[in-house]
Amino acid sequence: MSVKRHIYLWHRYLGIALCLLIAMWFASGIVLMYVGYPSLDDEARLAGLPPLEADMELVSPGAVVERYGDVDALRLNAAPGRPAYHVRQGGEWHSVDAATGAPLTLEDMDVQAAARRHAGAEVAALEPVEVDQWTVPGRFNAHRPLVRARMDDDAVSWLYLSSSTGEVVQTTTRFERGWNWVGAVVHWIYPWQLRQHPELWRQFVIWLCVPAIALIITGTLVGIWRLRVRRRYKGGRMTPYRGWHRWHHILGIACVVFVFTFMVSGLLSMNPGRVFTSPAPDREQTATWEDGPLITEAVVPPAALLANAPDGVRELEWDRQAGAPLVHLHGADTSRVRRADGSPFEPDADTLTARAEGLVSEGSITETTRLTDYDYYYYARRSHRPLPVLRLRFDDPDGTTLYINPETAAIESRIDHSGRWRRWLYNGLHSLDFPVLWERRPLWDVVVLSLSLAGLAFSLTGAVIGWKRLVGRVRVKRRH
């Protein structure tokens, strides 16, 4: 059997197996354009917390850190129904009564009141849940088991509360849940039973993409071989096919480039071979940038911070950036940052730049720019990213660029050559996140919808052809 005949057969049987899957990817991708996976942003989380009172007598942050030792993160809010410190240590969260210093358990927390306050509605039911479809990502692991509160509101909301801190960590509505079943869940192959095993899920999706790409490559070859532009078929036709085969051939030739790049970029989203780096600083860079303990002896008590703060502060969060111990005063609408001793924090751009030099050992800074608008690699689509930022470019072999918040001194993003490839090969090709399009909506919507609908129609014609072939084979076998 010739190589060409093998390619025809591989395309035929891969198409029978995978055309519906590819059609599902295109259809669910259209849904994902407008309905993302449920998430609780920080603004909504803070809005659901009660304000902290300035006259509260609370134990000091230093006493809490002394109790727990090596602390990764520390926050103070009244989510559990009383002021509480939330301590992260080794990836796990613990809560401490801020008035007594005693550890808090789930039984000590009024999660029903927390859910009521967040949603502005009564709780219809409370139930424990280890993991479900809307809490499968790993960021919830530190809060499991969760408490799911089904709310008696018009949106039919479900709230998920941490058993460690009593905070609301996830919310969904009936609208989001319904559309996600035909959007993110099917597009990402995201049933929780599979997704709770991250590496198994990752490998499963990768090995679904590989034969799908093979299907497109073999189909491209067949389509080109069967296309006649000069020496046309009878009747002046460029394709020998009729009916569904004809439409499949024409649509395939018309949108093969988009379909191929859509599939390849989808595969790259799974980072096969771990070839792409994370946009977050690595551990060594983080430790160098923080340069010291989270809490120092100079930290002032919460009452002193709140006494000099505007009304409506809902959370205190201790942090360390650029070698300075800090505290963030988060309100429902705005956040302020102070040094941990209560004094103003006004980082100087030159100081931040000089400190950043030590983060990249094999290079030096060649360009410092204060961005007041997004660029190609630091931008926002669904969620907000802070502006302005300092963009620092290095001449190291990796081509590192750092984006630093000049108000909080936090490193917002890090990108290198690998990250740039990912930005264009995944974000660019899969979501068409090209500035010429996403800065000019609804132009982006028109282009992406048109291409996605063409890809959907193309894959559906393949599914019809595959179905007819299967049915025909079954009928032939029955006759014999």
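**Entry 1: the model.** I am working from a predicted model.

**Entry 2: the cavity.** I found 1 cavity of 30 Å³ or more. The largest cavity holds about 80 Å³ of space. I then listed its lining.

**Entry 3: H8 against H9.** Next I took helix H8 (residues 198–225) and helix H9 (residues 243–268). Their axes lie 10 Å apart, and the packing angle is about 155 degrees. Angles over 145 degrees count as roughly antiparallel, so H8 and H9 are roughly antiparallel to each other. Their crossing is left-handed. I noted the residues that make the contact. H8 brings Ile206, Cys209, Ala212, Ile213, Ile216, Ile217, Thr220, Gly223 and Ile224. H9 answers with His249, Ile253, Val256, Val259, Phe260, Met263, Val264, Gly266 and Leu267. By class, this contact has 14 nonpolar and 4 polar residues, and no charged ones.

**Entry 4: His11.** I turned to His11, which sits in helix H1 (residues 3–32). What does His11 contact, leaving aside its neighbours within four places in sequence? I found Leu215, Thr218, Gly219, Val222 and His248. I also checked His11 against Leu267. The two are 256 residues apart in sequence, and their C-alpha atoms are 19 Å apart in space. Leu267 is one of the H9 residues in the contact with H8.

**Entry 5: backbone.** Last, I went through the backbone. Most peptide bonds are trans, and most residues other than glycine have a negative phi. I logged these cases against that background.

- The peptide bond from Arg144 to Pro145 is cis, with omega near -5 degrees. Pro145 is in the loop between strand E4 (122–129) and strand E5 (146–152).
- The peptide bond from Leu387 to Pro388 is also cis, with omega near 0 degrees. Pro388 is in the loop between strand E11 (365–371) and strand E12 (389–394).
- Asn271 is not a glycine, yet its phi is positive, near 55 degrees. I place Asn271 in the loop between H9 and helix H10 (283–290).

Technical notes: Residues numbered from 1 in each chain as written. Predicted model: local features only at pLDDT ≥ 70, side-chain atom pairs only at ≥ 80, totals over all residues. Heavy atoms only, no water. 1 Å grid on protein atoms, 1.4 Å probe; cavity = no way out; pocket = protein on both sides within 12 Å on 5 of 7 lines; lining within 4 Å. Points joined across faces, edges and corners; volume = space filled by probe spheres on them. Axes fitted to C-alpha atoms, helices over the stretch in contact; angles between N-to-C directions. Helix = DSSP H or I, 4+ residues; strand = E, 2+ residues; numbered from the N terminus. Parallel < 35°, antiparallel > 145°, perpendicular 65-115°, else oblique. Left-handed = near helix turned anticlockwise from the far one by under 90°. Contact = heavy atoms within 4.5 Å. Nonpolar A, V, L, I, M, F, W, Y, C, P; charged D, E, K, R; others polar.
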